[in-house]
Amino acid sequence: MDTDTRSDGFPKLLQVVLDTTDARALAEFYRQLLGLRYRPGDEPPAEGAPDPNGVDWLVLRDADGTNRVAFQQVAELHEPTWPEGPHPQMLHLDLTVTSVANLDAQGARAVALGARLLRDRADDPEEPLRVYADPAGHPFCIFVVPPGT
């Protein structure tokens, strides 16, 4: 079988890649927010040591070793002006929690890590959610999906 495709003949999605002007800082934000770990060799260097990967390309994986999010260094990036404006978002990440209490807790963690709140619909009875911007300005949502849904 061709290892470039799934068994059903379709390509495999490897990871989501976010452009950023500070790959290390954005990778650290998502590493801490999502509890991910660096791909071997992408870990931060010792204090004061050069960080060649941190100015190019970094990958975060889950506990099973599956790539989840990568970060590509770019010279310039226009922050999205979500929900409208001259610089639309190109994509966003959806993150889920199981309750409004968890939404509150994870939202507070996101803000403490450097995110900023863009929209608060935590009181929506159908789909409680909040939209944040990560430190580079990429929008992401945290919304409630009750267990068993």
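The model is a predicted one. Its largest pocket holds about 220 Å³ of space, and the second largest pocket has a volume of about 170 Å³. The sheet is open and consists of four strands.

**The largest pocket**

- Thirteen residues line the largest pocket, and those closest to its centre are L77, P80, Q89, M90 and H138.
- Strand β1 (residues 16-20) supplies the largest share of this lining, namely three residues.
- By class, the lining comprises eight nonpolar, four polar and one charged residues.

**The second largest pocket**

- The lining of the second largest pocket is formed by V16, L34, L36, D62, R68, V69, L93, D94 and L95.
- Two or more residues of this lining come from each of β4 (67-73) and β5 (93-97), with β5 giving the most, three residues.
- Six of the lining residues are nonpolar and three are charged, while no polar residues take part.

**The four-stranded sheet**

- The strands follow the order β5-β8-β7-β6, and their pairing is mixed.
- Strands β5 and β6 (116-121) stand at the edges with a single partner strand each, so one side of each has no neighbour in the sheet.
- From one strand to the next, the twist averages 20°.
- Strands β6 and β7 (residues 129-133) run antiparallel and are joined by five bridges; the bridge partner of D120 in β7 is R130.
- Helix α2 (residues 100-113) lies across β5, β7 and β8 (139-144), and the helix runs at about 155° to β8.

Definitions and conventions: Residues are numbered from 1 along each chain as its sequence is written. This is a predicted model: local features need pLDDT of at least 70, side-chain atom pairs count only at pLDDT 80 or more; totals for chains, interfaces and linings use all residues. Side-chain values use heavy atoms; hydrogens and water are left out. On a 1 Å grid over the protein atoms alone, a cavity is a set of points where a 1.4 Å probe fits but cannot get out, and a pocket is an open set with protein on both sides within 12 Å along at least five of seven lines; lining residues have an atom within 4 Å of a point. Grid points are joined across faces, edges and corners, and a volume is the space filled by probe spheres set on the points. Ala, Val, Leu, Ile, Met, Phe, Trp, Tyr, Cys and Pro count as nonpolar, Asp, Glu, Lys and Arg as charged, and the others, Gly among them, as polar. Two strands pair if DSSP finds at least two bridges between them. Axes are lines fitted to C-alpha atoms, for helices over the stretch in contact, and angles run from 0 to 180 degrees between N-to-C directions. Contact means heavy atoms within 4.5 Å.
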